[in-house]
Amino acid sequence: MTTLLIDLGNTALKWTTMDEPDSPHMIVHRGSTHFMEELYELWLRMRPARILGCSVAASDVAFSLTKFFNEHDIDWNWVRSQSQFKGDFTLRNEYANPRQLGADRWFAAVGALDTMPDSSLLVVHTGTATTVDSIVSLGKGEYAFKGGRIAPGPSLMRDCLTNGIPSLPDELGQYRLYPSRTSEAITAGIIDAQVGLIMRAKNVMDHQGTSPRVVLAGGAAQFIAPYLREEIPNLIVRHNLVLRGLAALAKVKGA
């Protein structure tokens, strides 16, 4: 029985099978459904029995996917965040209202713990938004999702600047410690804002005695990683955390 895992984000769709969560296929959709016919033909040849999916945006795409699953009698589940994940480890959701936590953030946390157990983690995902989430190890396979921070991602920061101030240049310049051109100043401002956000979250955990390993993922990871690694030499870059988390859930459910 083939279980397909789907991570549907604001601009891209990733999918894979339960057995290969670290080797997904990716389609950049930006809210369009133009790619669907070819994808559906491929999935029909695979004859999936079950779908586990995480969707945080792109309602037209999610609707089309759900309609396809229903038409072909494929069991599907668009997952939501949980009050607790219990599998090879236990992760407790300490959000004030656990259901308000984005499913992508929750399953990225599950996926990070599935690949990097036995320590506290700061899970950073850089896409349309940058999310920075704190996971504290309580010992003996027990963890707490303490909450996190959300800010515009690098591309959204640039768009906000250039749309809000039309006189600014659209292009990014080189990163320099002392920017001497406006395009360089924008680049430095965006990168330093991203790094500063992450470092603030790490310092909070450090000061509370729960020094975390920092895990960076997402479409803008390559843009941020060189500068973040200057501050955190042991930075871990690990992609496909949501799919890894969905695979862990599928394992618990016996898929």
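Reply: A residue counts as buried under 20% relative accessible area, as exposed over 50%, and as partly exposed in between. R158, with a relative accessible area of 27%, is therefore partly exposed. Please note that this is a predicted model.

Me: With which residue does R158 form a salt bridge?
Reply: R158 forms a salt bridge with D159, and the closest N and O atoms are 3.4 Å apart. D159 has a relative accessible area of 29%, so this residue is partly exposed as well.

Me: How many salt bridges does a search of the whole structure find?
Reply: The search finds 11 salt bridges. One of them joins the side chains of R105 and D133, at 2.6 Å from N to O. R105 belongs to helix α3 and D133 to strand β9, so this pair ties together parts that are 28 residues apart in sequence.

Me: Are R105 and D133 buried or exposed?
Reply: R105 is buried, and D133 is buried too.

Me: And what about E184, which residue is its salt-bridge partner?
Reply: E184 forms a salt bridge with R176, with the closest N and O atoms 2.8 Å apart. E184 is buried at a relative accessible area of 3%, whereas R176 is partly exposed at 35%.

Me: In which sense do β2 and β3 pair?
Reply: Strand β2, residues 12-17, pairs with β3 in the antiparallel sense over four bridges. In β3, M26 is the bridge partner of K14.

Me: Now helix α4. Which of its residues are buried?
Reply: In α4, residues 154-164, the buried residues are P154, M157 and T162. Seen down the axis of α4, these buried residues fall within an arc of 120 degrees, so they line one face of the helix.

Me: What do the buried residues of α4 pack against?
Reply: They pack against β9 (129-139), β10 (142-152), α5 (182-207) and α6 (221-231). The face of α4 turned away from its buried side carries N163 and G164, which are exposed.

Me: How many residues are in the largest nonpolar core?
Reply: This core has 34 residues, and those with the most contacts inside it are F85, L91, W106, F107, L121, I135 and L246. The elements giving two or more residues to this core are β4, α3 (103-115), β8 (121-126), β10, β11 (213-217) and α7.

Me: What is L91 in contact with, leaving aside its neighbours within four places in sequence?
Reply: The contacts of L91 beyond those neighbours include F85, W106, I135 and Y143. A second, separate core of 20 residues also exists, with L122, I191, A225 and I232 among them.

Me: One more residue: where does G147 lie?
Reply: G147 lies in strand β10 and counts as buried, at 11% relative accessibility. Leaving aside its neighbours within four places in sequence, G147 is in contact with Y95, R105, V132, D133 and S134. R105 and D133 are the pair whose side chains meet in a salt bridge. The C-alpha atoms of G147 and E94 are separated by 6.9 Å, and the two residues are 53 residues apart along the chain.

Me: Finally, is Q100 buried or exposed?
Reply: Q100 is exposed, with a relative accessible area of 62%. Its place is in the loop between β7 (90-93) and α3. From C-alpha to C-alpha, Q100 and Q82 are 9.8 Å apart in space, and they are 18 residues apart in sequence.

Definitions and conventions
Residues are numbered from 1 along each chain as its sequence is written. This is a predicted model: local features need pLDDT of at least 70, side-chain atom pairs count only at pLDDT 80 or more; totals for chains, interfaces and linings use all residues. Side-chain values use heavy atoms; hydrogens and water are left out. Two strands pair if DSSP finds at least two bridges between them. Buried means under 20% relative accessible area, exposed over 50%, partly exposed in between (1.4 Å probe, protein chains only). The arc is that of the directions from the helix axis to the C-beta atoms. Contact means heavy atoms within 4.5 Å. A nonpolar core is a set of buried Ala, Val, Leu, Ile, Met, Phe, Trp, Tyr and Cys residues joined through side-chain atoms within 4.5 Å. A salt bridge is a side-chain nitrogen of Lys or Arg within 4 Å of a carboxyl oxygen of Asp or Glu.
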